[in-house]
Amino acid sequence: MTGKERREQLLDIGRTLFAERGLDGTSVEEIASAAGVSKPVVYEHFGGKEGLYAVVVDREFERLLSLVTEALNSASHYRGKLEKAALALLEYIEENPDGFRILVRDSHGGTGTGSYASLLSEIAGEVEYILAQEFDRHDYDDKFAPIYAQSLVGMVALTGQWWLDVRRPRREEVAAHVVNLAWNGLSGLEQRPSLDPRRRRKELERQEKRAEKAAAKAEKAEEKAAAKAEKAQRKKRSDEAEPTVAEFPAPNPSA
């Protein structure tokens, strides 16, 4: 095995052990044993487990940041950017669960800036730049862009941490529902959100038809109620206009 191959082997083994036990719970002896080498080989390549951990974290940091940044820049429409970014995070979690578990751990002194918090901060910076441009285009105050950027990134990131363990529903559905809330807000949630624009259009058409039927039904009910009220009013007026026996003068016997 070449030196490069040995280094990659140690990184793979280290990532698995760190994800399961964390830095403090993993020893150089365990890493060396799993790789079938002696402890000095680990020290030769990384200077110790802290050095190995730092490289593992930095690699996962760069991989996830690259995926999300690419997703944000790959769509022209802003809903598409949000959809692709959410899906990119979930895809990374599904395909690299060990790497994500390492990232979401509390940052360690040996990892430098490659912590999950700093990762989210960099992603939020990308989102803030995009939002600021959109705010300017619509004459909104772009000084509030950081608030929206942090909110959007936090929403997706926390959902991703939750989904790491539950893994239900499938990632496309999770992304669709996250975007549903972020894009429409609670007051305008889509009943059946989807990442497919065609399915969204069809669902919107169905919603509009349902709304039209409901409005027609309500209008018909109002008309029926108004007709019933009018009928009752006419009967009341009729009853009031019809003279009773007491209203006719009694016959005069002496007449």
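Where is the place of P169 in this chain?

Modeller: P169 sits in the loop between α8 and α9. Before going on, note that this is a predicted model: local features need pLDDT of at least 70 and side-chain atom pairs 80 or more, while totals for chains, interfaces and linings use all residues. Residues are numbered from 1 along each chain as its sequence is written, and side-chain values use heavy atoms, with no hydrogens or water.

The peptide bond from R168 to P169 is cis, and its omega is near -5°. For background, most peptide bonds are trans.

Helix α8 takes in residues 145–166 and helix α9 residues 171–184. Their axes (lines fitted to C-alpha atoms over the stretch in contact, with N-to-C angles from 0 to 180 degrees) come within 11 Å and cross at roughly 150°. That makes α8 roughly antiparallel to α9 (over 145 degrees; under 35 is roughly parallel, 65 to 115 roughly perpendicular, the rest oblique). From the α8 side, L152, M155, V156, T159 and W163 make the contact (heavy atoms within 4.5 Å), and from the α9 side it is R171, V174, V178, L181 and A182.

Helix α8 has another partner too. Helix α5, residues 78–95, comes within 10 Å of α8, axis to axis, and the two cross at roughly 30°. So α5 and α8 run roughly parallel to each other. On α5, the residues in this contact are L82, A86, L89, L90, I93 and E94. On α8, they are L152, V156, A157, G160, W163 and L164. Look for L152, V156 and W163 of α8: these residues meet α9, and they meet α5 as well.

Follow the chain back from α8 and you get to the loop between α7 (116–137) and α8, where D139 lies. The phi of D139 is near 60°, a positive value in a residue other than glycine. Again as background, most residues other than glycine have a negative phi.

For a contrast in helix packing, go to α1 and α4. Helix α1 covers residues 3–21 and helix α4 residues 49–74; they pack at an angle of about 85°, with their axes 9 Å apart. That is why α1 and α4 count as roughly perpendicular to each other. R7, E8, L10, L11, G14, R15 and F18 form the α1 side of the contact. Facing them on α4 are K49, L52, Y53, V55, V56, R59, E60 and R63.

Finally, how confident is the prediction? The protein chain has a mean pLDDT (the predictor's confidence in each residue, from 0 to 100) of 88, and 91% of its residues reach 70 or more. Among the elements of the chain, helix α2 (residues 28–35) has the highest mean, 97, while helix α10 (residues 197–241) has the lowest, 87. Residues 108–112 are a stretch to read with care: the pLDDT there is below 50, and beyond near neighbours in sequence the stretch has 10 contacts in the model.

Methods. Helices (H or I, at least four residues) and strands (E, at least two) are DSSP runs, numbered from the N terminus.
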